[in-house]
Amino acid sequence: MESIRQAWGLRVVAGGELISPSDARAESPDADRTDEAALLRAGRAGDRAALDELLGLHERSLLAFCCGILGHAEDAEDAVQETFLRALRALASFREASAFRTWLFRIALNVCLSRRSSRPAAEAWSEEECSPTSRSPSPEAIALHQLQIREALSMLLPRQRAILILKEREEWSVREIALAFRWSERQVRYELSKARLALAGWRQREMEQGGEP
Amino acid sequence: MTCRHTRALLSDHRESLLPGHAAQKLTAHLAECADCRRVREEMTAAGAALRDLAAPLPSRDLRSQALTAWSLEEVRGSRQRDVGGGEAPASWRLALGLVVVVSLVLSWSQLSQRERLLPGSAGTSPDQGLNPLATRTNPAEAGSRRGAGMAPSAGQPEAGGVVMRRQGVQQAQRALGALGRTAVYPSFFYEAPRAVGSGAGGEGRGASPAGLHVDNFHAVGSSPLFASMRGKTPPDAPVWTAATPDEWAVLEQRVRRTMPVGDDFVQVPFPRLAAADERQIATALQNYRREAAVVDARLAREVTVRQKAIALSDLCERLRNETGIHLAAGPSVADEKVTLFCQKQPLRDVMRQLSRPFGYTWLRSGSSSPSGAKASGGTPPPHLPPDEWAALEERLRRTIPGREAGGRGYRYELVQDLKSQLLEEELRNRDRNEALVALDAEIERYRPYLGLSPDEALARLKGAAPAERKALEQLSGLGWGPLQLYYRLSPQDQSALRAGQELRFSAEPDQRFPRPLPSNVARGVLESLRDARIMRLADGSFGVTTDRENLDARPPAAVPEARALVTLKIRQSELGQFTLAGESGFFARSKPDGGGGTGKSGDDGPLAVGSSPTVRRPDNETANASLARDPALRAHISIQPQSSRGGVRREASGVGKYEPAGPTPHASRRPASRAPSPDSSDKVTTADVLEALHEATGMPIAADYYTRLYPVPSVTERNQPLFDALNRLSDTMRLRWRRDGGWLQFRSTTFYDDRLKEVPNRLLQRWAAARRQAGMLALDELVEIARLPDAQLDGADMAEGAKQLFGLEEWELPRNWALRRHLRYLGELTPEQRQAAAGPAGLPFGHMSLAQQQRFLAIALEWDEKPLQSLDELEGAVLRVDYSQLGAFEWRVPGAGADWLQWMMPTGSGRRAPRPPVRAPTRAEALQAARRLDPQLAQGMLQVARRLQPQLTAADMRPHEAQIVPTELNLTFLYVPGASHARQIRRFSFDNQSAYGTW
């Protein structure tokens, strides 16, 4: 049991049930205050479980981020895995000048951009509108909605997608984004504005064509 | 502030990054400008939509794999540093080695434990580990392995190494390369799990054919899926609702359009979503994309096919045997016949030709081979050398960038989807309506002559022009009554007629003939029955004879007791063809108060036949006008097809089943003058003609095949431009041709009807073999044939083909509309009962089951006016079946109207019993057998015969050579409703389809 726990970073909760770190956070409010720095230190000291937990804190956000840029879940998973590997390799050189999250997302952005540049652009979704007529939360309706969002994102430049996702979904500040990307804040604001206007324009067009984006 | 300026600042405004004065100006502008307000609202909504973007759940263990790979790199780096430095003492190297081994063992142990942790894990047996397929039963594990870079043995430490898909293949190779591992799995080796039901309770969450993978490992974490499986529904988990078809259709349409399929003639099943979990959706779509992108390298294999009228199931089997690729025809198309000629064409093209032109689809199932023998190779298909296989794969990768080669485990099944079936149904309906309209137009040609009586029409017929002869022939005979009534039908009757109902009219309406016949029409009907004569018999009853010289007999119009009868029916004589049929007749009641009587009815052939005009005129020249100037179609050709009936001849000699004739030696580009003149008695199939065309042009040909025979001269071309020859031949054979790349495609213009008319080869061949063995089709085989759908039995072309190509001379017996019903009734009997019915004594009524007895009575007493009072009346009731073939001799009982005596004999005191016909292989034997008849029986027969021909003497009844006649192909059903003469016998036979009476 102990080896399993160590291997997968599982914690034992009341009743002896094994849960993952992310579940643990959901179970306990205190889990949200996990000390990222402490995990980082423990990880650097060779605590594999700590490293696993540290990466787990950002896994889904990274996945959403990469998915938004690359457009496909499977590509995004590859990108996240590569991000983790690059981060682990460079862990010793991480000086903590920025937050671990910022550093990690910067790596992820580079991975995604390099992946995009090495491959032909993803095929855009069709522009032909066929929105669901029902607002019932059926799997297909939700899937279609997600596809439409991805379709809208696919119209943006990768850097704009990255900024928009970090801003809107991850709720980063402009400053944080600028730090992560090593851009000026002005540049981030400019790209953010362009991205938001493009997305708003897409929504308008969809509405005019009778869709319900 | 302008709108443009405002919009540029909207984003900063949302972030509260604008200076105060700028923010005020912007707010003021927004208050005035509806357009900019709308942009701001859309911007806000777009942000909200992005926040709604579900965070996907990873489908595999990204962190652990990355950590393991990193650990291995660290260890390896240390080892290299250590070895590379050359300074470490041997003891250190040993220690490091131990660390590596321990690390690897620990890593392997963790993997094993993980696998054991997973619900439904396939375990980690080394044997299973050697075969990746053995472990794919766990979708979670399959998910974790699906990328690449997996070592072939799951029991190895590095099996838990970095797993990356797509580009991950190379990376994984690099990652593993240091460990000396080169084997890489294809990224699509696993087979997606099939749908596993649905339900929020979690058991068997929905999945799809394309594979929604329930990742059990991640379910351990925070997955809503796992939570729901444990009975806990997370607050943000989507509500489980039924999918609406519209939404799904939209999604599928969208994805299919944007994800072209690599092998474009293959239908890749689209996933069916059963949950709205983001990861599942993404996985499903990703799986579809991966499957869609696959181009099966094996299909580049070149094949040569020369097949005429072959069933798709047989063709697929031959191709499967030749290429090693699993091809099969699904039940919906297995019996469809095609003609295919091609020389060294890629299998892909052949498959395309077998699907697209006919509206069929190749379904691909299974997955590429899991064999991890090498990165992109695997086991080449049988009959294909490995080097050729490798070259094919390489060529494919070069020529189709971005595509993934593979598919060694794929299976292909040819099917017709529901959409295509419905389309055919639609075409049939359209054709049916056009045929009815055509029938109506055909009937209209009688209108100018409706004022004529039958005698007037007969008089006018003598000097009639050819154009009006056919109409006058009907109106001067038995068609007069039905045609008169057709034009007097009420809309309700017309509707009933079109619906297939038979309308029966009588001068004295009763239950059987409920519609009244106007008196003027009744007179005309009796007048039209010129060949019938009625005579009063000695016992006071009426008899019917066709002997016009009999002075005691009078025409029906001169017999006051004769009542006119008329029937009218529109029958679908074949699919796509309607026939208006009608009979005229009479019934003469022997006694005014009811009781017995006699009657006769008949027709002079169909009154009108209507078929769709578009079917009759394919007009290929117009349809293919764009190809008229195609240089490839301007070459002059001569073709003279050779009859496939050679196959029948071989078959008759016992060589084997029917096989179409071999390549036509005469088909060539040589001048027609050198070709031998065709035998006008020969008939050829469309496949024969297309074979000759292939021989003459060398062009690959794909065509559907439906049995139709054409005289050779009508499909012979001499030194004609190919384009013109194609148009003419296709028009003659009711085909539509077109060009598809280098291929010539042919399809019947009435394929939607022809498909239903065509009898499968497997049945025809079986019956042909049985006939070869026994020299004739047995009664049981006739029963089996009668079970075919009406569409197949009604088809005139099919019937001709069955006889001409397969030698099934008896085909007309079950095809006969009157006999078919009775053969099907025989099919309800047991083999023993059938044998008894075919015996001399027949099948007694008492030996039938209740249901069989009910059917028997429904037929036997159908026209009987007297209801059955007691079952005692059925004493001696039997069903008798007499099946006669050509090639023997039989004794015909003399005397007009005595044909009942062929099967029945009087037994005295108003009773009767079945008797076997007198038949023998030779004339002499038949005569001897007839003369051996019991003198008492001969005397009884004489009495019966003399009822209609009183002048007959005992000498006339003595069998002599002139009464011995060759047997004919015939099938007779006798429904004898008792030994007593009180009820009449019903007889149905091929030569005299329906009769009712006794002596």
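My ground rules come next. This is a predicted model, in which local features need pLDDT of at least 70 and side-chain atom pairs count only at pLDDT 80 or more, while totals for chains, interfaces and linings use all residues. Residues are numbered from 1 along each chain as its sequence is written, chains are lettered from A and ligands numbered from 1 in the order in which they are written, and side-chain values use heavy atoms, leaving out hydrogens and water.

**Entry: salt bridges**

I searched the whole structure and found 50 salt bridges over all chains; each is a side-chain nitrogen of Lys or Arg within 4 Å of a carboxyl oxygen of Asp or Glu.

I picked A:Arg101 and A:Glu176, whose closest N and O atoms are 2.4 Å apart. A:Arg101 lies in helix α6 (residues 100-118) of chain A and A:Glu176 in helix α9 (residues 174-181) of chain A, so this pair ties together parts that are 75 residues apart in sequence. Helices here are DSSP runs of H or I with at least four residues, strands are runs of E with at least two, and both are numbered from the N terminus. A:Arg101 has 23% relative accessibility, so I noted it as partly exposed. A:Glu176 has 24%, so it is partly exposed.

Next I looked at A:Glu170 and A:Arg169, whose side chains meet in a salt bridge at 2.8 Å, N to O. A:Glu170 counts as buried because its relative accessibility is 14%. A:Arg169 counts as buried at 19%.

**Entry: a sheet in chain B**

I then traced an open sheet of 5 strands in chain B, in the order β3-β5-β19-β23-β22, with mixed pairing. Two strands pair if DSSP finds at least two bridges between them. β3 (302-311) and β22 (735-740) of chain B stand at the edges with a single partner strand each, so one side of each has no neighbour in the sheet.

How do β19 and β23 of chain B pair? Strand β19 (residues 701-704) and strand β23 (residues 743-748) of chain B run in the parallel sense over 3 bridges. Within that pairing, I saw B:Ala703 opposite B:Phe746.

**Entry: where the two topics meet**

I found a salt bridge between B:Asp704 and B:Arg747, with the closest N and O atoms 3.8 Å apart. B:Asp704 lies in β19 of chain B and B:Arg747 in β23 of chain B, so the pair ties together parts 43 residues apart in sequence. Both B:Asp704 and B:Arg747 are buried.

Terms used: Buried < 20%, exposed > 50% of the residue type's maximum accessible area, 1.4 Å probe, protein only.
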